[in-house]
Structures are given as structure tokens and as C-alpha cells.
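These are my notebook entries on a structure I went through element by element. I wanted to know how its parts are placed against one another.

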Amino acid sequence: MDLIKLHLSELICKHTAKGKGLHDLMEIMIESMRVAERIELLADNPGNKGNGYRPDTTYGRGRKQEFRIPSD
């Protein structure tokens, strides 16, 4: 497991050194947390059908970020 963390850490360091690397990394992390939260919500509430998403945007570090927010 430590090898996987070390490898991920190296990949993250290399990617953040690029022009939009930090922006990309933050986008990936937020999207991953959103998906995990959605899966947990639907698993805990079997009657919930997950009826779609609504678009939203925000600005972070001078860049526009677009999100798909669950309607639930």
C-alpha cells in the first residue's frame, strides 16, 4: 500500500508542476468526492432514483470551474 501512495505522490508532484496542474488536481479531487458522496447517498436510500444533475459554476484562483450538482 505504501508503494501505491508513493507512486501516486510522484505522479501528483509531476502533474502539479505543469501549467494547469493544480487546477486539474483540484478538479479531479472535488469530482471524485462528489461521485463517492452520490454513490453513498443512493446506497443508503434505495427509494431514491437519482433524478439528474443541475449545472453550476464557480471561480477559483482566477479560473472558472464547472460542476454537475445532484438534484437531490
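I began with what counts as a strand: a run of at least two residues that DSSP assigns as E, numbered from the N terminus. Under that reading, Gln 65 lies in strand 2. I note at the outset that this is a predicted model, and I read every entry below with that in mind.

Entry on helix 2. I looked up whether the length of helix 2, residues 21–44, fits its residue count: at 1.5 Å a residue its 24 residues should span 34 Å, and the end C-alpha atoms are 35 Å apart, which agrees. I then asked which residues of helix 2 are buried. They are Gly 21, His 23, Leu 25, Arg 34 and Arg 38. Looking for what covers these buried residues, I found that the cover includes helix 1 (2–16), strand 1 (53–60) and strand 2 (63–70).

Entry on the two helices. I looked up how helix 1 lies against helix 2, and found that their axes come within 7 Å and cross at roughly 130 degrees. Angles of 65 to 115 degrees count as roughly perpendicular and those over 145 as roughly antiparallel, so helix 1 is oblique to helix 2. Ile 12, His 15 and Thr 16 make the contact from helix 1, while Gly 21, Leu 22, Asp 24 and Leu 25 make it from helix 2. Sorted by class, this contact has three nonpolar, three polar and one charged residues.

Entry on Thr 16. With neighbours within four places in sequence set aside, Thr 16 is in contact with Gly 21, Leu 22 and Leu 25. I also noted that Thr 16 and Met 26, ten residues apart in sequence, are 10.0 Å apart in space from C-alpha to C-alpha. For a further residue of helix 1 I turned to Ile 4, which counts as exposed at 56% relative accessibility.

Entry on the strands. I looked up how strand 1 and strand 2 are joined, and found eight bridges between them, with the strands running antiparallel. In this pairing Gly 60 has Arg 63 of strand 2 as its bridge partner, whereas Tyr 53 stands opposite Pro 70 of strand 2. The two strands form a hairpin with two residues between them, and Arg 61 in the turn has a positive phi of about 55 degrees. Arg 61, in the loop between strand 1 and strand 2, is exposed, with a relative accessible area of 70%.

Entry on His 23 and Gln 65. I next asked what His 23, which has its place in helix 2, touches beyond its neighbours within four places in sequence. His 23 is in contact with Arg 63, Lys 64 and Gln 65, and it is buried, with a relative accessible area of 10%. I repeated the look-up from Gln 65, which counts as buried at 10% relative accessibility. Not counting residues up to four places away in sequence, Gln 65 touches His 23, Asp 56, Thr 57 and Thr 58.

Entry on Lys 20 and distances. I looked up Lys 20, which is found in the loop between helix 1 and helix 2, and noted that it is partly exposed, with a relative accessible area of 47%. How far apart in space are Lys 20 and Arg 63? They are 43 residues apart in sequence, and their C-alpha atoms are 10.0 Å apart. Arg 61 and Lys 20, 41 residues apart in sequence, are 11 Å apart by the C-alpha atoms.

Technical notes. Residues numbered from 1 in each chain as written. Predicted model: local features only at pLDDT ≥ 70, side-chain atom pairs only at ≥ 80, totals over all residues. Heavy atoms only, no water. Helix = DSSP H or I, 4+ residues; strand = E, 2+ residues; numbered from the N terminus. Expected span 1.5 Å × (residues − 1). Buried < 20%, exposed > 50% of the residue type's maximum accessible area, 1.4 Å probe, protein only. Contact = heavy atoms within 4.5 Å. Axes fitted to C-alpha atoms, helices over the stretch in contact; angles between N-to-C directions. Parallel < 35°, antiparallel > 145°, perpendicular 65-115°, else oblique. Nonpolar A, V, L, I, M, F, W, Y, C, P; charged D, E, K, R; others polar. Pairing = 2+ DSSP bridges.
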